[in-house]
Amino acid sequence: MGGFIDLYTEADTFLHRMDPRVKIVSVLMLSLLAFVLTNLNLLLLLLAFIFLLLLLARATMSRTLFALKFVFRFMVLIVILWPIFDPSGSPVLASLGPIKITEPAIWRGVTSAVRVGCLATVWYILMFTTSQRDLVRALVKLGVRFDFGLTLAISLRFLPTFGALIDSIKDAQRARGLELSKGGLLKRSRNYVAVLVPTIVSALRTADTLSLALQSRAYGARADRTYLRDLTMRPSDYVALTVLVLLLVLPTFAKFVMQIDI
Amino acid sequence: MIPSANTIPQEEKIISTRNLKFTYEGGVQALHGLNLDIRYGDYLAIVGGNGSGKTTLAKTLNGLLRPTSGTVFVKGRSASEQKVAELAKIVGYAFQNPDHQLFCSSVEDEVRFGPENLGYSDSEVREKVERAIEAMRLGDVRKLPPLSLRLGQRRRVSIASIIAMDPQVLILDEPTTGLDAGESQDLLDRLKVLNAEGKTIILITHDMRVVAENARRVIVMSNGRMILDSDCRGVFSDLAILGESSLEPPPVSKLAHRLAKYGIPQDVVSAEELVFQLMRSGGGG
Amino acid sequence: MKALELKDVRFKYRGSEDWALDSVSLDVEKGEFVTVLGCNGSGKSTLCLLANGLIPHAIPGDLQGVVTVFGRNVVQQSVAESSTKVGIVFQEPESQLFCMSVEEEVAFGPENLAIPREEIRERVEWALELVGMKGYNSRSPFSLSGGQKQRVAIAAALSMRPEMLVLDEPAYALDPMGRIGLYSVLKDLKEKHGMTVILAERDAEEASAFSDRLVLMKKGKMLEIGSSRQVLQDPQKLRSIGVTPPQVTEVAALLNERLKTSRFSFLSVNEAEKAIVGEVLRPRREGKR
C-alpha cells in the first residue's frame, strides 16, 4: 500500500546514495536547463542524459512507463495540439479554415513535448531515488522551516490512507445504491456529496487526534531540535554538484551572453 | 463438515459461491476457491482474524468486489451480471464504521437515501423508512443529524438505512464494536427478530462470544480458505481450528476443554451452561 | 509522591452541557496498573486526556478541582513538559502514526526535545525491544498490522522515557491476535519495568487479571474503585455500567450462588480450572464413590 504516491524504491545505486540536497538542487537545475535550451537536438540529448540517469538508478522500464503514462499521453497531446494553435511559419502542410498546420509548428510542438518529458522524468528520478524522509530532511537543511517540512511529510504519508478511506466510503455508499458514474453533471455532483461529507468528517477526526498525538510528543517544545537523520556531503556529492552546475551554466552563458542559438 | 453443495435444493439457496477466487491488485490472493451455500433465513457468522479473507468474501456477496474467477450466485443469478445498485435490493451491507456512510442532515434523510436510490415510489419509500426507523428504535432521534449522535445510535442509523432498502440478506461487519453491553445486546436482539421474520443474517466478526450467543452457523476463515463450516456448537468443540484461524474462543469454552476429562461437554459456551454442567456432574449437593 | 491525583475534579467540554467528569477523586500510586472501565460517555477518555495535560491546554472546556501529576498541577505545566513524565496512546492506530518509518516515529518525541543523536538511537532500540518490535526500524506503517501499529505507538510514547503510560482503549480496533500481543506488552511493562499504567477500557476480559485496581465509571462519575477481585466479585456491577464482565467471573458468581457460598473468585481460566477441579468436581467424584 502506498499507491503511486510512494515512488521510492530502495536500492543501492549512485543516485540513491547521493545527498538528497544535491539531488533536489540538481533536479531544479536540470529543469531550468530544459527551459534554457530551445534546440531540439540538444533537448533530445538532455532527454537521453536523463534516461541514462534512469538506468543508473536501476529503474525498470515497466515501472517507469507505468508511472509516467500520463506524461506520455500529455506529450502526445502536445505534439498534436501545438500545430493547431500555432499557425505561424512555413511551409504550410495542410490548412482548414483558420487552422494552418506548418512544419516549424510541428517541430515546436515536438520540442515542447520533449521538454515536458525531460521535466517529468527528472522529477520521477528524484522521487524514485529519494525516500520521503530524506526529501523532507534535505528541504529543511536547505532552509525550509521544519513546520513546513513536517506538514509536507505528513501530507505525503496520509495520501494513501485517504485514498483507501475514499474507496471504502465509495463502497459503503455504492452498497446503498449510489451510482457515481450515472447521471448528468448536476446529479453526479450531488452524488459526490455522499462521498465527500464522510471523507471530510473522517479526515477532520484524524487530524484532531493527530494534533493531540503531536503535542503529546512535545512537538514545538523548543526552538532547536535534533535530527536523527544526518546529512553529510561526500566528495562524490561535490563532484556531481559541480558537473551539474557546469551543465546548466555553460549553455546558459552560451545562449544569453554569447548569443549562440541553442 | 462442509455441507455438499448438492444437498441443499437450489430454491433454498439465496446466495451461493462456486470456486470463488479473488486476488487483489498487487497480487495478493485473498480467496482460494470457496464453495459456500447460504439458505434463506440462515443466521450465519463468518469469523477469522485480520487477513483471513472474511471481509473480502462478504464484499463479493453484494458485488462490491467481482470474483477474479469462479462465480457468486445471488437468488440463482450470477452476481457479475448485476450492478451493485441492483444487488443492493437483495443483499444489504452495513459497514463496520457507520461514519463512512452517514452524511445527511437528519436521520430520516439518511434512512431514506438507500430506498430512494433504488427507485422505489414515494409511498413505498415512506413505508420502508418508517419500518426501518421502528425496527432500530430511532423514533426519538429521527429529526436529529446522525453525526451528532452517539456511536451506538449512529450504528443503528447505518443499519436502519440498509434495512430500509428491504434486502433479504443483511451483512453486518462487526456491528457490536464500540457498543456498550446493553446497546450490543439490544442490537443483537433486534437482529434475531429480523431473522425470525425471515431475513438472512450474516455477521462478520471476530468476537466469539457474540457468535456463540447469536449465530446458528459459523464459517471459520483462515488465509483465504474456509477451514470449518459448522453449526455453532460444532465450532466451539474444535479449539484447534479456532487457534489456527487466530481466534480466541470464549474463556468458558477454554475452561470446558480443560475440564473435559471430568465429563464436561465440549460445546459449552456460556457461564450458565458451564455451571449447569458442573452441578450435574457432581450430582447436586 | 503519587503518580496521579485527582481531587474533586469536574470537567465539561466546551459546548457541552453535561459534565464529562463529575466530582472525581482518585489517587494512583507509582508503579500501579489501574484499569478504568466504562463505556462511551463514562469519562474514561477524559480522564486519560487530563493525565498528560491535553485537557486543559489543548482541549478547551471548564475544568474544576485539582489534577496533579507527579506532584505538579497539570494546569501549570505545558503538554510538552508533561510529555516527559506521561506518555499517551490513543485508540486509532492510523491517527497517531504519522511518519514513514517505525524508527522516525519512535525518534520523533526525543528529537523534539533536542536529545543528542546517540541517546535517541539508544532510546529507539530500547523502546522497540520493550514492545517486541526490535528490528522493525525501517518498516513503513503501511506494512504493519493493527496490533503492530499500536505497539509502535506505545514505543513512540516510551521513547520519551515517561514514568507513566496512559492508554485510551488501545485495543479497540484490533483483532484477537492483536489484542493478545498488546496486552502482553502492557503486562510486561508492569511486571518487568514497574511502569505506572492507566488503561481506559470497555472490555474487562484481559486487563482485569493483571490490574492492581479497577475503577468503574459511568456518565462522568466514579462508581467504584478497588482491587480486581473485590470489584469483580459481583459481575452485575460491570453490567450496570455497560461493560461485559469477564466470563470466568460470571462462572464464579454463579457457583457462589448455587453453592450458597462466596468463596469462589476467578480472574483467569487457570484459577477457575484449579478451583473447580479442586473444590467442585473432585470432591463430588469422591462423594459419588
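Reader: In the hairpin of β1(A) and β2(A), which residue takes a positive phi?
Author: Gly97(A) does, with a phi near 65° in this predicted model. The hairpin has two residues between its strands.

Reader: How many bridges join those two strands, and which way do they run?
Author: Four bridges join β1 (residues 92-96) of chain A to β2 (residues 99-102) of chain A, and the strands run antiparallel.

Reader: What stands opposite Leu96(A)?
Author: Ile99(A), in β2(A).

Reader: Let's move to the helices. How do α7(A) and α8(A) cross?
Author: Their axes come within 9 Å and cross at roughly 160°. Angles over 145 degrees count as roughly antiparallel, so α7(A) is roughly antiparallel to α8(A). The crossing is right-handed.

Reader: Which residues meet there?
Author: From α7(A), Gln132(A), Val136(A), Leu139(A) and Val140(A). They meet Phe146(A), Gly149(A), Leu152(A), Ala153(A) and Leu156(A) in α8(A). By class, this contact has seven nonpolar residues, two polar ones and no charged ones.

Reader: And α8(A) with α9(A), at what angle do they cross?
Author: At roughly 135°, with the axes coming within 9 Å. The two helices are therefore oblique to each other. Their crossing is right-handed.

Reader: Which residues make that contact?
Author: α8(A) brings Phe162(A), Leu165(A), Ile166(A), Ile169(A), Lys170(A) and Gln173(A). α9(A) brings Ala194(A), Val195(A), Pro198(A), Thr199(A), Ser202(A) and Ala203(A). The classes are eight nonpolar, three polar and one charged.

Reader: How many residues of chain A are in contact with chain C?
Author: 26 residues of chain A, against 31 residues of chain C.

Reader: Which helices of chain A supply residues to that side?
Author: α7 (132-141), α8 (146-174) and α9 (185-216) of chain A each supply at least two. α9(A) gives the most, with seven residues. The side of chain A that touches chain C divides into 11 nonpolar, nine polar and six charged residues.

Reader: What domains does chain A have?
Author: The domain assignment gives domain 1 (14-130 + 232-257) and domain 2 (155-216). The C-alpha centres of these two domains of chain A lie 36 Å apart.

Reader: On to chain B. In what order do the strands of its open sheet come?
Author: The order is β2-β1-β4-β5, four strands with antiparallel pairing.

Reader: Which are the edge strands?
Author: β2 (29-39) and β5 (77-78) of chain B, each of which pairs on one side only.

Reader: What holds strands of a sheet together, in general?
Author: Strands of a sheet pair through backbone hydrogen bonds, either parallel or antiparallel.

Reader: How many bridges do β1(B) and β2(B) pair over?
Author: Eight, in the antiparallel sense. Within that pair, Ser16(B) stands opposite Asp37(B) in β2(B).

Reader: How many residues lie between the strands of that hairpin?
Author: Five residues lie between β1(B) and β2(B), and in the hairpin Gly26(B) takes a positive phi near 100°.

Reader: What about β1 and β4 of chain B, how many bridges there?
Author: Five bridges join β1 (residues 13-23) of chain B to β4 (residues 69-74) of chain B, and the two run antiparallel. The bridge partner of Ile15(B) in β4(B) is Val74(B).

Reader: How many residues of chain B are in contact with chain C?
Author: 28 residues of chain B, with 29 residues of chain C. On the chain B side, α6 (181-196), α10 (251-258) and α11 (271-282) each supply at least two residues. α11(B) gives the most, with eight.

Reader: What classes make up that side of chain B?
Author: 14 nonpolar, eight polar and six charged residues.

Reader: Last topic, chain C. How is it divided?
Author: Into domain 1 (4-244) and domain 2 (246-289). Their C-alpha centres lie 34 Å apart. The contact takes 10 residues from domain 1 of chain C and seven from domain 2 of chain C.

Reader: Which helices supply the domain 1 side of that contact?
Author: α9 (207-210) and α10 (228-232) of chain C each supply at least two residues. The largest share, three residues, comes from α10(C). By class, the side of domain 1 of chain C that touches domain 2 of chain C has four nonpolar, three polar and three charged residues.

How values were computed:
Residues numbered from 1 in each chain as written. Chains lettered and ligands numbered in written order. Predicted model: local features only at pLDDT ≥ 70, side-chain atom pairs only at ≥ 80, totals over all residues. Contact = placed C-beta atoms within 7 Å. Nonpolar A, V, L, I, M, F, W, Y, C, P; charged D, E, K, R; others polar. Pairing = 2+ DSSP bridges. Domains from an automatic or database assignment. Axes fitted to C-alpha atoms, helices over the stretch in contact; angles between N-to-C directions. Parallel < 35°, antiparallel > 145°, perpendicular 65-115°, else oblique. Left-handed = near helix turned anticlockwise from the far one by under 90°.
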